[in-house]
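The exercises that follow are to be worked with the model open. Each task is followed by a solution in steps.

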Amino acid sequence: MKVFISSDMEGTAGVVDWDQCRPSGSDYDHYRELLLQEVNAAIEGAAAAGAREFLVNDSHSTMSNLRPDRLARRARYLSGRHKPLYMMQGLDTSFDAVFFVSYHGSMSGAPAALSHTYNPRAIAEVRLNGIPAGESGINALVALGHRVPVVLITGDDVTAAQAESFCPGIRAAVVKHSVSRFAADSLHPEQAREVITQSAADAVRQLADAPLPAIALPATLTVRFRNADLAEMATFITGVVREDELTIRLRDDDPVRLYRTFVTIVLLTRGIAE
């Protein structure tokens, strides 16, 4: 049994400030260690339930946050930037399950610790088939395209609820409850890891009943930007349609291609997001 793990960082227990999850931050080394331990907790839980192969795609910031020699179960480690499938790089049909570890809520949803949707400087809201979507919902497009169920998400309570909209029945390891965008009530790191380990094991044990992401095809993504220049630049890409001054729309019957177009938009607009 093979498990694909996409690891972010903002959803780690105790993380509530950008300084804690940016390499330039004074607390970064401490919190990257906590992230590593949460990733390993997910691996160990899955292994206890029968999983044998793991690929961890480091999906946060520069995508080189974990220490590969300390990953549990000799997990493969996919790191580095400019990945064609970004947070979902490496997933294919050979995998049996997808885990989202240390994920965060969307920019436009209820208050969630360090909420954003891919690029907080550029994107104000994303909707998938009319439903507000965070990174978990958008990334689930790739899982759907490869017909692999998303069975676990770890992070705060708001993030867990948002994932359920697109991945019904997903197992949620809630390690903190958000108070605001920059405050949360977190479990002790040891207890957080225990919750993740148990949730990962339960998710794998119930894998036979896990559905694919519930995203109707062809799927539509609408993206509302923070300014009109960003929306205009997005229309440089074929198939992207302007809805209003701030909003664009893209639609595709291939969920992986739709995701890749979205990622291209994100990368294209980074240059003028300031």
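Contact means that heavy atoms lie within 4.5 Å. This is a predicted model, in which local features need pLDDT of at least 70, side-chain atom pairs count only at pLDDT 80 or more, and totals for chains, interfaces and linings use all residues. Residues are numbered from 1 along each chain as its sequence is written, and side-chain values use heavy atoms, with hydrogens and water left out.

**Exercise 1.** Find serine 106 and list what it is in contact with, leaving aside its neighbours within four places in sequence.

Solution. Start in the loop between β4 and β5, where serine 106 is found; strands (E, at least two residues) and helices (H or I, at least four) are DSSP runs, numbered from the N terminus. With neighbours within four places in sequence left aside, the contacts of serine 106 are Ser115, His116, Thr117, Ala133, Gly134 and Gln162. Next, take burial: buried means under 20% relative accessible area, exposed over 50%, and partly exposed in between (1.4 Å probe, protein chains only). Serine 106 has a relative accessible area of 1%, so it is buried.

**Exercise 2.** Give the order of the strands in the open sheet and say which stand at the edges.

Solution. Two strands pair if DSSP finds at least two bridges between them. The open sheet has seven strands, in the order β3-β2-β1-β4-β7-β8-β9, and its pairing is mixed. β3 (76–78) and β9 (183–186) are at the edges; each has a single partner strand, so one side of each has no neighbour in the sheet. From one strand to the next the twist averages 25 degrees.

Now look at single pairs. β4 pairs with β1 in the parallel sense over five bridges, and serine 7 has valine 101 of β4 as its bridge partner. β4 also pairs with β7 in the parallel sense, over four bridges; there phenylalanine 100 has isoleucine 153 as its partner. β8 (residues 171–180) and β9, by contrast, pair in the antiparallel sense over four bridges, with serine 178 opposite alanine 184. Last, seven of the seven residues of β4 are buried, so the strand is largely enclosed by the rest of the structure.

**Exercise 3.** Describe how helix α2 lies and what covers its buried residues.

Solution. Helix α2 (residues 135–145) lies across β4 and β7 and runs at about 160 degrees to β4. Axes here are lines fitted to C-alpha atoms, for helices over the stretch in contact, and angles run from 0 to 180 degrees between N-to-C directions. Ten of the eleven residues of α2 are buried, among them Glu135, Asn139 and Leu144. The cover over these buried residues includes β4, β5 (123–128), β7, α3 (157–164), β10 (219–225) and α6 (255–269). After α2 comes arginine 147, with a positive phi near 60 degrees.

**Exercise 4.** Is phenylalanine 182 buried, partly exposed or exposed?

Solution. Phenylalanine 182 is in the loop between β8 and β9. Its relative accessibility is 43%, so phenylalanine 182 counts as partly exposed. Leaving aside neighbours within four places in sequence, phenylalanine 182 is in contact with Val16, Trp18 and Leu114. Phenylalanine 182 and aspartate 202 are 20 residues apart in sequence and 31 Å apart in space, C-alpha to C-alpha.
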